[in-house]
Amino acid sequence: MAKSALITGVAGQDGAYLSALLLEKGYDVHGMVHDKKHADLWRLEELQIADRVQLVDGDLTDQKSLERVVKATEPDEVYNFAARSFVAASWQDSVLTSEVNALGALRLLNAVKDHAPKARYYQASTSEMYGNSHSDNMQDETTPLHPRSPYAISKLFAHWMTVNYRESYGLFFCSGILFNHESPLRGIEFVTRKITDGVARIKLGLADHIALGSLDAERDWGFAGDYVKAMWLMLQQDEAQDFVISTGTTHTVRDFLDAAFQEIGIDNWKPYIQQDERYRRPLDVERLCGKSDKAQKILGWKPEVSFEALVRMMVEWDLRRLTPKA
Ligand code: GDD
């Protein structure tokens, strides 16, 4: 019999890539959305799987709806991706962010514990939980957590609840501490996609600048398509554990600009960048660089797409998307 997977946040970047992976493996994929009649499924459509994902209505702020969804889908695996995931917005939206990311995860954990206790659960934790904390300039599973945004604090709560439920009830609940992962399916509000979209527009004469905040932040950027494989592997192990998933290399926003503008033959991108205070955060995480040795050893996972290949993939995709059809 086919395994059943339940994915919350199925319409997002990770939801789309994971759905494609699980469908390929023969799973029945149930995707939770707020309202299936009005869901924007462009990412699933891009991957040509929109008609193969079975949508189900549910809401992380509504306990009863989660119980209904878990009972109806009888999942073997649950992946909790639904979240308010834009860090910058979380200062304005701190209550809603906590309601969804923190209490929402707890509601789902309770629904799975009570109605599908044999299911394996994956919590989307994040490198943002480290803040500026590091061990020898990198972060791994042992690095102390010191979140620097309402978003990161909400994710920290969900992370520890997942660990606590595993330890309290012996459930197969894991947390993946994922560093930034990008792709052509990334939302336009995140800096990578904002840059590749802007670069494509500049090349096609549709824009003359990109407005950005801090160019100094360093991030460990990997390819989302690689990262969903690690999530699946975590749930196939004999023992539930938490893993850092990252590339182990870090780049500044400036480096990203270098690589993206190089794709359209521009070396000096400074004239095309406007520094805009609106895109600076009250507090930012300065440098993230993850050590994923544990995942490499236990899961046999490693990233396949390099930073340069990722930037190229995104710029090429935006150029194709924005070029007028003949
Ligand atoms: N979004 C954005 N827009 N970021 C900018 C801009 C801008 O105009 N200018 C500079 N930045 C800087 C941000 O200040 C931050 O230091 C860095 O670019 C990356 O920002 P984002 O792409 O928004 O990602 P993030 O690192 O804050 O968070 C992402 O990764 C986390 C995992 O580490 C999100 O996907 C989170 O949901 C995820 O948990």
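## The largest cavity

By class, four nonpolar, one polar and five charged residues line the largest cavity. In this classification Ala, Val, Leu, Ile, Met, Phe, Trp, Tyr, Cys and Pro count as nonpolar, Asp, Glu, Lys and Arg as charged, and the others, Gly among them, as polar. The lining consists of Val87, Trp91, Glu128, Arg148, Ser149, Arg219, Arg281, Leu283, Asp284 and Val285. A cavity is a set of points, on a 1 Å grid over the protein atoms alone, where a 1.4 Å probe fits but cannot get out, and lining residues have an atom within 4 Å of a point.

The space in the largest cavity is about 30 Å³, and the count of cavities of 30 Å³ or more is one. Grid points are joined across faces, edges and corners, and a volume is the space filled by probe spheres set on the points. Domain 1 (4–181 + 222–245) and domain 2 (187–219 + 249–288 + 305–322) each give at least three residues to this lining; the domain bounds come from an automatic or database domain assignment.

## Basis of the model

This is a predicted model, in which local features need pLDDT of at least 70 and side-chain atom pairs count only at pLDDT 80 or more, while totals for chains, interfaces and linings use all residues. Residues are numbered from 1 along each chain as its sequence is written, and side-chain values use heavy atoms, with hydrogens and water left out.

## The ligand

Around the ligand there are 24 residues, of which Ser85, Ser127, Tyr151, Arg281 and Asp284 come nearest; a residue is near if one of its heavy atoms lies within 4 Å. This shell has eleven nonpolar, six polar and seven charged residues. Both domain 1 and domain 2 give residues to the shell, so the ligand lies between them.

A polar backbone atom of Ser85 is 2.6 Å from an oxygen atom of the ligand. For Arg281, a polar side-chain atom lies 2.6 Å from a ligand oxygen atom, and for Arg219 the distance from such an atom to a ligand oxygen atom is 2.8 Å. A polar contact is a pair of N or O atoms within 3.5 Å. Taken alone, the ligand exposes 710 Å², and the protein buries 96% of that; accessible areas come from the Shrake-Rupley method with a 1.4 Å probe.

## The second largest pocket

The second largest pocket has a volume of about 240 Å³. It is lined by 14 residues, and Ser4, Thr73, Glu74, Pro75 and Asp76 are the closest to its centre. A pocket is an open set of points with protein on both sides within 12 Å along at least five of seven lines. Its lining has five nonpolar, four polar and five charged residues.

Note on methods
A polar contact is a pair of N or O atoms within 3.5 Å; within protein, one must be able to donate a hydrogen and the other to accept it, and residues adjacent in sequence count only if both atoms are side-chain atoms.
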